[in-house]
Amino acid sequence: MNLSMPRRGIAVAVVLVGVFLAGLDAVIVNIALPDLERWSPSSGLTTLSWVLNAYAITLAALLIPSGRWADQAGRKRAFMIGLVLFTVASVACAVAPTVGVLIAARVLEGVGGALMMPTSLGLLLAVFPTERRRTAIALWTSMSGLGAVFAPPVGALCVQFDWRWVFIINIPIGAVAVYFGWKTVPEVREERRSPQDVLGVLVFAATIAVIVAAIVQGPTWGWGGTRVLGLIVLGVLGSAFIARRAFRHPAPVIEPAIVRIPSVALGNLATLVFNVGFGVTMTGTTLFLTEVWDHSVVRAALEFLPGPVMATMFAAPGSMLTARFGVRVTGLIGGVIFAGSGFWWVFMLDDGSDYLTGFLPGMAIGGISVGLVMPAWSMAATMALPADRFATGTAMAWMCRQVGIAIGVAVTAAFVAVHPDAASFRGVFLLMGICGLATGLALFAIKADKPPAAMDAGAQHEAVPARLT
């Protein structure tokens with residue numbers, strides 16, 4: 001595409017801002033949970049966990065259909081609509097008078113994020129020269145991760161004024177991005193058309209929601225109670241419907257042709273399980289520092305920061321190791337290290353333990369493991385896909401990521417909602433360790449873990465015909 005250098009630079013910046021905001025809002029609310037509890041003490045942690053999960057579930061359910069619609073209607077149009085929705089939803093979150101309104105606004109944020117995420121990579125690839133498309137992919141991956149890295153310190157700074165500021169900061173950034181985006185971002189459309197499974201999307205979102213609700217409400221309502229059992233039954237029925245739908249609809253939410261590939265299926269399983277542990281880590285550590293050790297939100301954010309810093313430092317080495325040795329070795333090592341972080345906290349954290357000898361080592365090695373595992377599960381979930389399924393497969397991996405985070409948050413809330421003490425958090429960190437081991441084993445089970453030469457990331461995207469305007 002013939003774009004002037006200034007226009008290309010602004011277009012890239014706008015797209016990366018959207019990716020950053022979507023990643024930031026997936027995590028930043030965690031740091032505001034203690035303030036939300038003080039704002040609405042009658043709601044309780046089980047209800048407030050939906051402020052986090054409403055975004056994650058909506059984003060997960062809409063990633064694949066949003067990507068398909070954007071390919072046909074125009075990626076710029078979808079991205080800009082998503083950016084506007086995200087910004088407007090941030091306003092609604094910032095002025096929400098009740099928890100119910102806040103949760104509803106987070107759903108709208110999730111819709112905006114779902115429109116931005118799958119379209120952003122395609123837009124970047126359109127404005128980068130062919131020989132620099134690997135750079136575009138690296139930028140996209142890094143920016144989505146940086147949102148999570150910067151969430152704790154940014155969130156801690158915001159809540160010093162008020163928890164609403166975790167949403168207010170999105171508004172001017174989003175408004176500026178919308179203004180420049182309409183002027184500079186090029187339009188990209190696919191020539192082919194594919195149907196949408198609207199019913200499947202709705203059932204998928206509802207199924208994830210009722211499963212999460214059963215986990216969150218189990219300790220309060222009783223695991224053998226009628227309401228929890230009813231939610232479990234609905235979850236099973238919804239899962240069966242989605243599975244049946246996958247073989248009957250021409251464009252289902254989950255495509256059997258993709259998950260039949262063993263390495264892709266194991267890669268998505270590893271993605272789901274690892275992000276259950278990641279969701280547990282993000283929520284559990286914040287609550288442990290603020291609830292058990294009674295640290296301020298700012299102090300907790302600073303104490304949490306070594307983990308994201310280590311993850312950032314090891315992301316590039318993790319990618320190189322994965323390319324050199326394959327996903328089996330890197331994934332197993334990363335999963336075992338992540339498990340070690342959780343098990344360290346199980347044995348070393350209590351009411352009177354020390355930060356330097358108790359908490360910090362677990363956070364540091366946990367950050368290292370994230371830098372190693374994320375490139376492994378990302379490659380495993382997509383490396384064996386044919387060219388015309390790469391975009392859908394990428395969206396499916398991100399869907400598994402968001403579902404995993406939602407389940408991790410829900411499980412954490414279920415563990416600590418009734419008795420937020422050190423003993424309850426040991427169960428949380430034990431689950432984190434189990435998720436790490438399961439992730440490593442799932443990735444190690446992959447047999448053909450080297451991507452074929454034809455599956456070069458840039459070539460995959462080039463193989464999909466698109467019309468640029």
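Tutor: Let us begin with the contacts: in the protein chain, among contacts between residues at least 6 apart in sequence, 84% join residues at least 24 apart, where contact means heavy atoms within 4.5 Å. This is a predicted model, in which local features need pLDDT of at least 70 and side-chain atom pairs count only at pLDDT 80 or more, while totals for chains, interfaces and linings use all residues. Residues are numbered from 1 along each chain as its sequence is written, and side-chain values use heavy atoms, with hydrogens and water left out.

Student: What makes up the protein chain in terms of helices and strands?

Tutor: The protein chain has 19 helices and two strands, these being DSSP runs numbered from the N terminus (H or I and at least four residues for helices, E and at least two for strands).

Student: Why is Asp-25 called buried?

Tutor: Buried means under 20% relative accessible area, exposed means over 50%, and partly exposed lies in between, with a 1.4 Å probe and protein chains only. Asp-25 has 0% relative accessibility, and therefore counts as buried; Arg-106 is also at 0% and so counts as buried. Of the 469 residues in the protein chain, buried residues make up 57%.

Student: How do you know that Asp-25 and Arg-106 meet in a salt bridge?

Tutor: A salt bridge is a side-chain nitrogen of Lys or Arg within 4 Å of a carboxyl oxygen of Asp or Glu, and the side chains of Asp-25 and Arg-106 meet at 3.6 Å, N to O. This pair links distant parts of the chain, with Asp-25 in helix H1 (residues 5-25) and Arg-106 in helix H5 (residues 99-127), 81 residues apart. The structure holds six salt bridges.

Student: Why can the salt bridge of Arg-245 and Asp-197 be said to tie together separate parts of the sequence?

Tutor: In that salt bridge the closest N and O atoms are 2.8 Å apart. Arg-245 lies in helix H10 (residues 226-246) and Asp-197 in the loop between strand S1 (188-190) and helix H9 (198-221), so the pair ties together parts 48 residues apart in sequence. Arg-245 is partly exposed, because its relative accessible area is 22%, whereas Asp-197 is at 3% and therefore counts as buried.

Student: How many residues are in the largest nonpolar core, and which have the most contacts inside it?

Tutor: The largest nonpolar core has 134 residues, and those with the most contacts inside it are Met-399 and Phe-429. Helix H3 (residues 44-73) gives the most to this core, with 14 residues. Such a core is a set of buried Ala, Val, Leu, Ile, Met, Phe, Trp, Tyr and Cys residues joined through side-chain atoms within 4.5 Å. Leaving aside neighbours within four places in sequence, Phe-429 is in contact with residues including Phe-288, Trp-345 and Leu-349.

Student: Why is Asp-294 called exposed?

Tutor: Asp-294 has a relative accessible area of 65%, and is therefore exposed. Its place is in the loop between helix H12 (262-292) and helix H13 (297-304), and its phi is near 55°, a positive value in a residue other than glycine.

Student: How many disulfides are counted?

Tutor: The count comes to zero disulfides, a disulfide being a pair of cysteine sulfur atoms within 2.5 Å. Cys-93, with a relative accessible area of 0%, is therefore buried, and Cys-158, at 6%, is buried as well.
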